Amino acid sequence: MGEGSGYGKVILFNEHFVVYSIPAIASAIGSKTIAKVEHLEGKGWSIQDDRPAIPGYKKEKLDHQKESMERILKAAGIDANSTQIKIILEGDLKAASGVGASAASCAAIARALSRQFNLGFSDEKINEIAYEGEKGYHGTPSGIDNTAATFGGLIWFQKGEPNVMERLKLKEPVEIVMGNTGVVANTKAAVAGVKERKENEPEKYENIFNAANDLAQEARKALESYDLEAVGNYMNKNHELLQSIEVSSKDLDLLVELAKDHGALGAKMTGGGLGGYMVALTPGKNVQEEVAKAMEKEGFEALKTRIGI
Ligand code: PMV
């Protein structure tokens, strides 16, 4: 049996803007998806999805998952008409919108296939295959999710020909809380909405996008110098920019305010938005616990994890 894993991720700065080649910053988190591949006699492929998931997620993503799997097999050069493959997905990363669940599963499957069929794929190749798999979920993904899922750590990412990926160093890991709205977000629709509004209001969007570009540079400096207060402030500013391109939601805004009121240094939505997760910067176990409890008290689920691992 071939086995492989992919990291969950959190986008700390500039989701959505990243689609238009504005730099973004993401980090792997302490949860992973694990894929196991069994090679059987016969033909075709199947997925047994044993990941923990928020209700409704797996059903909603089933068609995307099928398309993604076809793309992964093609990119890996495996013909499921001449062999039978069973994929088992597990691990501690909850299948939900905003934690990079789809990218983590694509990277995990690519690694497990490489091991099962002795293909010897490098991390770069795994990342390429995971990117192909991500297209099944997102249409035209920027590539940030699969890059974080494949390589881990804290990354600076800029879409382009080729993509720019730099590893950033964080002096020490920092606690975060990811608050879950419980709403399964449709990233494709959110990305399409931004595109449409950007075309209708070019000037307004140009100003916002310029601000996002400047913010990425400043946020990078703050992370690299471990100025967590500044990082938190930039997260707050990033959330405002994301609100202005209309990808936040009532619940995301509520969780962001709640986190700040309970001691988070900063908070923002993360990922596709319109639901899914938000992230709060909560250095130290005490603040982390306090913020998570406040979210749980309001009926939301809170994931306590760390960035920069
Ligand atoms: O919803 P997620 O966690 O898969 O993140 C999507 C990030 C976007 O910037 C909105 C889209 C992309 O392809 O980068």
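So, which of the 15 residues around the ligand come nearest? They are Lys 9, His 16, Ser 142, Asp 145 and Gly 272, where a residue counts as near if one of its heavy atoms lies within 4 Å of the molecule.

Quick housekeeping. This is a predicted model, with local features needing pLDDT of at least 70 and side-chain atom pairs counting only at pLDDT 80 or more, while totals for chains, interfaces and linings use all residues. Residues are numbered from 1 along each chain as its sequence is written, and side-chain values use heavy atoms, with hydrogens and water left out.

Okay, the polar contacts, meaning pairs of N or O atoms within 3.5 Å. Lys 9 puts a polar side-chain atom 2.7 Å from a ligand oxygen. With His 16 it's a backbone N or O atom, 2.9 Å from an oxygen of the ligand. Gly 272 also uses a polar backbone atom, 2.8 Å from a ligand oxygen. On its own the ligand exposes 380 Å², and the protein buries 96% of that (Shrake-Rupley, 1.4 Å probe).

What about the shell's make-up? We've got five nonpolar, seven polar and three charged residues, with Asp, Glu, Lys and Arg as charged and Gly among the polar ones. Strand E1 (2-13) and helix H5 (144-151) each supply at least two of the shell residues; those are DSSP runs, at least four residues for helices and at least two for strands.

Phe 17 and Phe 209 have ring centres 4.9 Å apart and planes at 80°, so they're edge-to-face. That pair links distant parts of the chain, 192 residues apart: Phe 17 in the loop between E1 and strand E2 (24-40), Phe 209 in helix H7 (residues 202-224).

Conventions
A polar contact is a pair of N or O atoms within 3.5 Å; within protein, one must be able to donate a hydrogen and the other to accept it, and residues adjacent in sequence count only if both atoms are side-chain atoms. Rings of Phe, Tyr and Trp (its six-membered ring) pair if their centres lie within 6.5 Å; planes under 30 degrees apart count as stacked, over 60 as edge-to-face and the rest as tilted.
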